[in-house]
Amino acid sequence: MWGQLLAILYRDLLSEWREREVVVGMLVMALLTLLIFNFAFDLTGAQRAASGSGAFWVAVVFATLLGLGRAAALERQDGAWEGLVLAPVERPVIYVAKLSSMLLFVALVEVVALVVMAALFGLPVFRPGVLVVLVLGTVGLCALGTLFSVMTAQAKAREVLLPALLFPLAIPVVIGGVRAMMLELSGLGSEAAPWKSLLAGFAGLFLSLSMLTFGVVTEE
């Protein structure tokens, strides 16, 4: 199982290394969003942490959405996806491999976005509590997004369907991420514990449901 998972993950990472069609687009989207928010908000007042955390999660959601759609489209080219699902590989293994590659892509974008955010917003972003919030929120967002990107990949209106399905269900993750990150950036890490628990709960729920239903989705 681990060999199959690592083989699919290696294939995805190698393909992205050669083509650079997913991460570059995600980076551009995230950095443009942060730049626009930098000019839109007053970053000198007490609301700097709230503005910064909100801008960061909007950038992450837009970049993740773009990456999910592009990765699914590339997978469908030249029958690569059909070959993968016809291979003797368990569906949960395929799902975990696809989720892992997307997590790595989003994590790379988040690291760059954090550096830019620290420069633009002047916030202490590299705190352990902030990184915990990022990990929990990213897992929840990508767990659900990976499932929906496969579901909508064959649809004619997939550019509309993917955000229409993902956004409503991802709202608790985004709200929890914004609130927890804002408290961490404000030096109130102890008050962020309930929001971190919320993020962990949704991450576990979305991950479990996605692994259980991925086989049914790929049979359609």
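In which helix is Gly129 found? Gly129 belongs to helix α6; helices here are DSSP runs of H or I with at least four residues, numbered from the N terminus. The model is predicted, so local features need pLDDT of at least 70 and side-chain atom pairs count only at pLDDT 80 or more, while totals for chains, interfaces and linings use all residues. Residues are numbered from 1 along each chain as its sequence is written, and side-chain values use heavy atoms, with hydrogens and water left out.

Gly129 is buried, at a relative accessible area of 12%. Buried means under 20% relative accessible area, exposed means over 50%, and partly exposed lies in between, for a 1.4 Å probe and protein chains only. Gly129 touches Glu184 and Lys196, not counting residues up to four places away in sequence. Contact means heavy atoms within 4.5 Å. The C-alpha atoms of Gly129 and Ala193 are separated by 9.6 Å, although these residues stand 64 apart along the chain. The helix that holds Gly129 is mostly covered, with 19 of the 25 residues of α6 buried. From first C-alpha to last, α6 reaches 36 Å, close to the 36 Å expected at 1.5 Å a residue. The expected span is 1.5 Å times one less than the number of residues in the helix.

Helix α2 covers residues 23-40. Its 18 residues reach 26 Å from first C-alpha to last, close to the 26 Å expected. Val23, Met26, Ala30, Thr33, Leu34, Phe37 and Asn38 are buried in α2. They cover an arc of only 140° around the axis, which puts them on the same side of α2. The arc is that of the directions from the helix axis to the C-beta atoms. This buried set packs against α1 (2-19), α3 (48-76) and α5 (91-121). The face of α2 turned away from the buried side carries exposed Ile36, Phe39 and Ala40.

Helix α5 has 31 residues. It reaches 43 Å from first C-alpha to last, close to the 45 Å expected. Gly122 follows α5 and has a positive phi, near 65°.

The largest pocket holds about 480 Å³ of space. Of the 25 residues in its lining, Asp12, Ala71, Leu74, Glu75 and Lys98 are the closest to its centre. Elements that give two or more residues to this lining are α1, α3, α4 (80-86), α5 and α6 (128-152). Helix α3 supplies the largest share, six residues. By type, the lining divides into 11 nonpolar, five polar and nine charged residues. Ala, Val, Leu, Ile, Met, Phe, Trp, Tyr, Cys and Pro count as nonpolar, Asp, Glu, Lys and Arg as charged, and the others, Gly among them, as polar. On a 1 Å grid over the protein atoms alone, a pocket is an open set of points where a 1.4 Å probe fits, with protein on both sides within 12 Å along at least five of seven lines; lining residues have an atom within 4 Å of a point. Grid points are joined across faces, edges and corners, and the volume is the space filled by probe spheres set on the points.

Val178 lies in helix α7 (residues 158-185). Leaving aside neighbours within four places in sequence, Val178 is in contact with Ser53, Gly54 and Trp57. Ser208 is found in helix α8 (residues 193-219). At 41% relative accessibility, Ser208 counts as partly exposed.
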